Structures are given as structure tokens and as C-alpha cells.
Amino acid sequence: MQPSERAKPTPVQPALATVFLVASSLAFVAGARAAEPPALKELMPKGMTIGAALSQRQSDGKDGAAAKIVTRHFNSATAENVLKWEKVHPEPGRYDFGPADRYVAFAEKRGMEVIGHTLVWHSQTPAWVFAGKDGAPLDRETALERMREHIGTVVGRYKGRIKGWDVVNEAIDDGAEGTMRKSKWREAIGDDYIAKAFEYAHQADPAAELYYNDYNLTSAPKRAAALRIVNGLKRWGIRVDGVGEQGHWLIDGPSLGDIEATITDVAAAGVKVLITELDIDVLPRDPGMYGADLEKKAKFRAETNLYPDALPKEKQDQLARRYADVFGLFLKHRDKVARVTLWGVTDAQSWLSNFPVPGRVNHPLLFDRQGKPKPAFDAVVETLKKK
Ligand code: XIL
């Protein structure tokens, strides 16, 4: 064989090169895939969905980064605001279903379970709802009629499409006695306003699941009050499917023992346990701020806006451990917890940057302001993988 002949490319060489190129680009694609974080919804135990509250901007399709995260990780959606009375029914006889329709469509398009939040609440409800005729206090019959008409219209519109409703939100006050909140609904109607709301919701969509939703059910008196509501409904033969503990928790409380007691007590009452608004506040919280004047709020903001740029590593790790701990409990009680919903998609959107005082930079969720998974996300993934 002449040297020149040896140098001549044989037909085999380009073929090999092609094989090599194809193989290496396949490996590259596989590598890129492996680098993408696992999808939360695929790691959840069977029978437990994972959700996020969607802001109006998100369900309007104006937040592409959030939409990508939602599509990949979540199989349940809650409307953060667009189904609340003030949004959907701002004036007597006038409904604005545009944003809510887009929310339901956004979730359906992605095959997500659609949750309705919320029908009867003291907050984000227009003043006209609680106004009596000619300046008189609102009477029982008028209040019941407004409630029935609202629930019938809103639940009826999404009949068969919204899987479950937070029918009544936050009906219990925060005192040590676990008494009912003095809401305007209760003032006008009486204690049976809760039962009426559940009845009306059931009439409007007999197949929909119906939930009672509240915060701090980790506190024993409040939890006992919630269970009295559930037991009462059951006794009267009124449909109730679950209790939502909102899960607006702090980095150092409530204790895991109190969270676990909430899960087991609610389940023992024979209804589903839902963690409906999970986020973990990393900033100092002062209940005295809720009704404080602007000056006090400004002072508190200045003193407690501790991480305006980013969460330092030590705090990131603490948040990650806290998320791992609570997800560990959800897994331990996978037969009881039907859904875990985070109150927002990324830190950029979290309501906790404006609660209890406006203008702080909070970091309570699993994805940071750029939409990147945080150490807390990785910790949840690791916890779920161990299941
Ligand atoms: C919050 C929303 O996240 C905010 O955008 C809005 O301004 C106020 O309400 N408990 C609830 C939720 O049941 O509806 C609240 O959502 C947070 C506390």
C-alpha cells in the first residue's frame, strides 16, 4: 500500500465521524436534561398534588418565566386573587369574569387541577356587600340572598371545571378561646352563615369538593374550632371534603409537633388535609403591625428588611432545612395530606414582601426572584426522593 493511498479517506471514516458527532450531541442533550432540576410533581407521592397560587399577571400569560416553572413543577393551581369577591363581583349585579376565565383556562391547558379561592371571607369583599338598605345594618335575609346569588353565579360558572372551593375562609378569631371571628357575615346572618355558604356551594356544583380554610390551625384552640365547624357540617348532613391549613409559617415556628397534630387531628375528623398557602417567612414578624399606623410600619420596615439583596447562605440553609422538615411530615402522612400548595411561584411575586408591612424584600418560596431553584427547592427534592 502506497503512503498516499493510506492518507486517502476511506468511506468508513466519515461514517465514523458522523456516528461520533451524533453520539456526542446526544450525550450533550442528555447532559443538559440531567442538569435541569427534577419536576416536583413527578416526585410527589401518589394521591398528593403540588400546587402554586397564580397571580393575575401569571394566569393572564404575562409572566413567561413563571409559566415555565408552573408547567414543569405543579399539577394544581389556586387563584391568588382573581376569584375573590372584589375581583369577580365588584358591584351589585356586575360580574367581571375575564381574569378568572383566563386563570381557569391557563390551568386546564396544562392539565392542572383547578382550585377556587374563595367564596365567603371578611376580607377583599366590597363594602356594598355588607351595607344594609338606607344606612341600616345588613339584615339576615338580604345577606343570605347576596351570598346565595354570588356563590350560585361564581361556582355555577365553573361547574365541572373547578375541582374544589375554599368555601369559607378565616372564620375563626385568633384568641385563646377559639371563638368565631366577628365578621360582618356573622353579624348579619348568625353562626349558621358557614353552613349556608357550604349548602349554596353544593347546590351550585354538587360534584365540587368543599373546604374550610384558615391560618394558624397549628394552634390548638383554633384547630378545635375548625373541627367543630367540620363536625357541625357533617352532623347536619352538609358536604365538607377538607380543611385547609394555609401554612403561612415562619422559619422557626410553628413546631413540627403542632404541624403534625394539625395533620392527624384534621384527618381524624374524616376529611382531607390540605396545606393551601405554604410559604416560610424569613423576616421578623410582629402581629402588632397588622393595624399599625404608617409611621410605625415605616420604622418596622426599616428595622426588619434584613436581606434586601439576597438571602445569606446561612439563612438559605436554614430555610432549606425547614422546608425539608415540613415536607418530611407531609410524606410521613401521605395517606392524609391530599395537596400542598405554595402561595406563589417565585419570591418576586410573594405577598410577604408586602405583609405585614409593605416594601420589604422577602424570600419565602422555592424559586428565587430570577426563577432559579433555591437550596430550599433542592432540599424538598432530596426529601421527596427518599420517599
Ligand atoms: C393575599 C394575596 O396573596 C395578596 O396578593 C392580596 O393582596 C391579599 O391576599 N390568606 C389568604 C389569601 O387566604 O387569600 C391571602 O392572599 C393571604 C392570606
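This is a predicted model: local features need pLDDT of at least 70, side-chain atom pairs count only at pLDDT 80 or more; totals for chains, interfaces and linings use all residues.
**View 1. Packing of helix 12 against helix 14.** Helix 12 covers residues 256-268, and helix 14 covers residues 313-332. An angle under 35 degrees counts as roughly parallel, so helix 12 is roughly parallel to helix 14. The two helices cross in a right-handed sense. On the helix 12 side, the contact is made by Leu-256, Ile-259, Glu-260 and Ile-263. Helix 14 contributes Arg-322, Asp-325, Val-326, Leu-329, Phe-330 and Lys-332. Sorted by class, this contact has six nonpolar and four charged residues, with no polar ones.

**View 2. Packing of helix 14 against helix 15.** Helix 15 spans residues 375-385. The axes of helix 14 and helix 15 come within 8 Å and cross at roughly 30°. The pair is therefore roughly parallel, and the crossing is right-handed. From helix 14, the residues in contact are Gln-316, Leu-319, Ala-320, Tyr-323, Ala-324, Phe-327, Gly-328 and Leu-331. From helix 15, they are Pro-375, Ala-376, Ala-379, Val-380, Thr-383 and Leu-384. This contact has 11 nonpolar and three polar residues, and no charged residues.

**View 3. Strand 9 and its pairing with strand 1 and strand 8.** Strand 9 runs over residues 337-342 and is mostly covered, with six of its six residues buried. Strand 1, residues 49-54, pairs with strand 9 in the parallel sense over four bridges. In this pairing, Thr-341 of strand 9 stands opposite Gly-51. Strand 8, residues 272-281, also runs parallel to strand 9 and is joined to it by four bridges. Here Val-337 of strand 9 is the bridge partner of Val-273.

**View 4. Surroundings of Asp-214.** Asp-214 is located in strand 5, which covers residues 209-214. The relative accessible area of Asp-214 is 0%. Buried means under 20%, so Asp-214 is buried.

Note on methods: Residues are numbered from 1 along each chain as its sequence is written. Side-chain values use heavy atoms; hydrogens and water are left out. Axes are lines fitted to C-alpha atoms, for helices over the stretch in contact, and angles run from 0 to 180 degrees between N-to-C directions. Angles under 35 degrees count as roughly parallel, over 145 as roughly antiparallel, 65 to 115 as roughly perpendicular and the rest as oblique. A crossing is left-handed if the near helix is turned anticlockwise from the far one by less than a right angle, and right-handed if clockwise. Contact means heavy atoms within 4.5 Å. Ala, Val, Leu, Ile, Met, Phe, Trp, Tyr, Cys and Pro count as nonpolar, Asp, Glu, Lys and Arg as charged, and the others, Gly among them, as polar. Buried means under 20% relative accessible area, exposed over 50%, partly exposed in between (1.4 Å probe, protein chains only). Two strands pair if DSSP finds at least two bridges between them. Lists of a residue's contacts leave out its neighbours within four places in sequence.
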